Each structure stands twice: as C-alpha cells, then as structure tokens.
Amino acid sequence: MQQALAVGGVTLFAAAAAASLATVSPSLLTLEEACRLLGLGLFAIFAWKSRSLTPWIFFAMLAGGELGHDAPVFSANLKFLSDIFLRLIKTIVAPLILASLINGIAGHGELKQVGRMGVKALIYFEVVTTFALAIGMAAINISKAGVGLTLPAASGTLPPAAPMHWQDFLVHVVPENIAKSIAEGQILQVAVFATIFGIALALLPEEKRTPLVRLMESFAEVMFRFTGIVMYLAPVAVGAAMAYTIGHMGASVLLPLGKLLLTLYISLIAFILLILVPIALWAKIPLRRFVEFVAEPATIAFATATSEAALPTAMENMEQFGIPRRVVAFVIPAGYSFNLDGSALYLAMASLFVAQSANIHMGWGEQAMMLAMLVLTSKGIAGVPRAVLVVLMATATTFNLPLEPMLVLLGVDAVMDMGRTSLNVIGNCLACAVIARWEGELPAYTEE
C-alpha cells in the first residue's frame, strides 16, 4: 500500500509537471496544478507512514520544485534556509574526518594492515575514475551535444583560472596550520594531517596511545550524534534549495541545454549500471540492502549539490550497513578527495563539449591525452573552491580550447552538479563496501 502511494504520487506529479511545460492553456494549467498537488499529497501520506527521513527529503524536493514554479519571487528568498543547513553541516565535516581518520589508523592496531588497505583503496579509486572519464568521453562523442550551440556574447566574464600543476597540487594538500585548514574547510589538508597524526599515535606504546584513541572515539561519536540532530533540518533545507533553484533559474532554463543535461544523466545511469553494479555483484555486496542505506545520503547530495552535506550521513549509514568504523573512517574520507566518479565523468564530457561548441575537432589521440591529464588533475578537487571549473579551464587552456562556451555551462551547472555529486556519494559508499569485503571485514549477514 505504501509503495503504491509513493509510485502513484510521483507518477501523477511528474505527468502533470511534464504537461505544464508542454501547454500554455490556462484551464489546463489549473488542472495540472491540482494534479501535482494531489501527487504531492499522496507522497506525503507515504512519507508519514514510512516514519523515515529519506521519503521526507524526496517529498521536500518535489514540494520545493512546485513552490519554485508557482511562487518564484517568494522562493528566490528561501536560500537562507539551505545556507543555514549547509553551514551546520560544514561545522561537522572537518572535525568528523579528523577524529574518524585518526581513530581509524591509530585504533586499528596494525599499521601494516592500514597501509595495505590504503594501497587497495587507491588502486580501486584510480581504476573506477578512469572508467568514469572514458564513459563521459564516449557519451559526448555519441550525442555531440555541443555541435551547433550558439555561443554567448563575449561580454561575459569568467573567474580567473589558476593553472593546475602537479607541484601546486602537492603543496596545496600539505597543511601549514591545522586550525586554518579546518576553518577554511580544506578537507584534503585535514586528511593529510590526520593520517600523519594517526601513524604517529599508532607508534606510541599502548598505555600512552589508548587514552587519546578513546578520546577520538568519543569525539567522533559526539559528531555523529550532532549529525543526527542537524539532519532533522534536511527536508526543510532541501525543499528550500530546490525552490530557490527553480524560482531563480526557471524550469525553462533547462530546455536550451536539454541535450547536454540528458547526455550527462544518461551517462551517470550508464556508469552505475555498467560499472558500479558489476563491481557490487563481483564483491558480493547485497544490492537491495546497499541501496536502502545509500538512498538517504545520495538524495541529500542530489538536492544540495554538495558532498559535504551527505558525508556524515554516508559514514553513519555505512556503519549501520555493517562496515567496521575503522574501514569507514579510512576509505570514505580518502574517497572524498580521490574517488569523485561523477565529477570525473562530467569533466571529460564538459571538456569535449567545449571543443564541439567551438567547432574544434579532436582526434582520438588528443582525447586520450586529455583523459590522461584528467586522471591526474581530477584528484583532490573536493578541497579546492570551484575546483571543477578550475580543472575544466586548465584543461581547455592546455588544449587551446576557447573559454566562452563555459559561460553556457555555468548557466546550468547547478542542475548538472546535483547528478554528479550524487554519483560521487554513491561511488564512495560502494568503494567502502568493496574495500571492506576485500579486507574480509564485511559481516556475513550483509550477504543475505
């Protein structure tokens, strides 16, 4: 009964929303609005009966979209609600990673096992990220979404792009002041500090190590409880973010770049079906159970378009899935910077989109060189503000591509960011489960 309410509500809402975009008849618009509200009502009943936060988050997404469509002026003033939620989440991320990673290394017992797990994780990240880049390039070559695009006027200006050199990247990831790194949200720097600190702590005698390890365990537990309290605000924040996006940009803003958006989302789905699902089956991860635990953080990531908002919930849910905290605390923070499947796929697609829109033909050899460059430059981009844009501009500069088409991408980047961020979270959760299985740390009951 509850599933019927959910499916019926979403179907009715989607059908009415599609009809409203295809007609301008006032009488039909009134009927479509009534159908959308009825669909929302049915889904609200389902959310109430399920007694879970995830359905309420999804309901908030739909309701926020409806509010943004019907009252765009009012919705444009709701951004402060999502900003408050994101500020609270940002207070959690760095302390949680610091405590969890230190505890995951020092509390593990064996540095040799931590090193082995780190090598496996990095190999996994590199292989899966390369697949993501390849799928992104293949998809844009098939759809040719950039061909025939009318470029915007040259009057627009883009933020300056700093060149991405590997030396600069290495310097950037090393913290000069851990308090400064936490305050600025430099997650990769926090992870580097926590790793070195955890190794140093693990080298101490047990009687000196144990008190600090217990302190880190308690601190991490407090941050998880803190997350649980903040997450009660998630539906309000998600609804406000969706209402602001639709009210500020308008639903019709997607139409001119619909082909690119469709290409991206089909590619994201293809990556899940062709890469992530086979990996899960190979690692004997129970798919239905895994989907139940990854649905909430993926939904939050989709609605807020930020991995930070979903990171604490993802870590907590993977523990509930059955993965030991020491594995979760090591793999997910590392994946946050080195396993951004959605961002990598988008970077490959966007780079070739820029070339197509400028009518520049790139041969397979040049595309292979671009892929190799993106394999390196896409690493650690979570710790750099506007990192995807910076990497994209650096790639365009390296291959002598024009920057003007990026103005078009910036117009719908928020909508594309929702999909790629959601895939980042799903990919990191699966990486955590695979590494746990690889290490023999996944309990037998998760195979049911």
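This report describes aromatic ring pairs and charges over rings in a predicted model.

Local features require pLDDT of at least 70 and side-chain atom pairs count only at pLDDT 80 or more, whereas totals for chains, interfaces and linings use all residues. Residues are numbered from 1 along each chain as its sequence is written, and side-chain values use heavy atoms, with hydrogens and water left out.

A pair of aromatic rings is described by the distance of the centres and the angle of the planes. Rings of Phe, Tyr and Trp (its six-membered ring) pair if their centres lie within 6.5 Å; planes under 30 degrees apart are stacked, over 60 edge-to-face, and the rest tilted. Under this rule there are five aromatic pairs. One of them joins Trp56 and Phe59, whose centres are 5.7 Å apart with planes at 90°, so this pair is edge-to-face. Both residues belong to helix H3 (residues 53–70), where a spacing of three residues separates them by about one helical turn; helices are DSSP runs of H or I with at least four residues, numbered from the N terminus.

Accessibility is classed as buried under 20% relative accessible area, exposed over 50% and partly exposed in between (1.4 Å probe, protein chains only). Trp56 is partly exposed at 28%, while Phe59 is buried at 19%. Tyr124 and Phe125 also form an edge-to-face pair, because their planes lie at 70° with centres 6.3 Å apart; Tyr124 and Phe125 are both buried. Phe290, Phe293 and Phe321 make up one aromatic cluster.

A charge sits over a ring if NZ of Lys or CZ of Arg is within 6 Å of the ring centre and within 35 degrees of the ring normal.

| Charged residue | Ring | Distance from ring centre |
|---|---|---|
| Lys79 | Tyr244 | 5.9 Å |
| Arg420 | Tyr346 | 4.1 Å |

Definitions and conventions. Helices (H or I, at least four residues) and strands (E, at least two) are DSSP runs, numbered from the N terminus.
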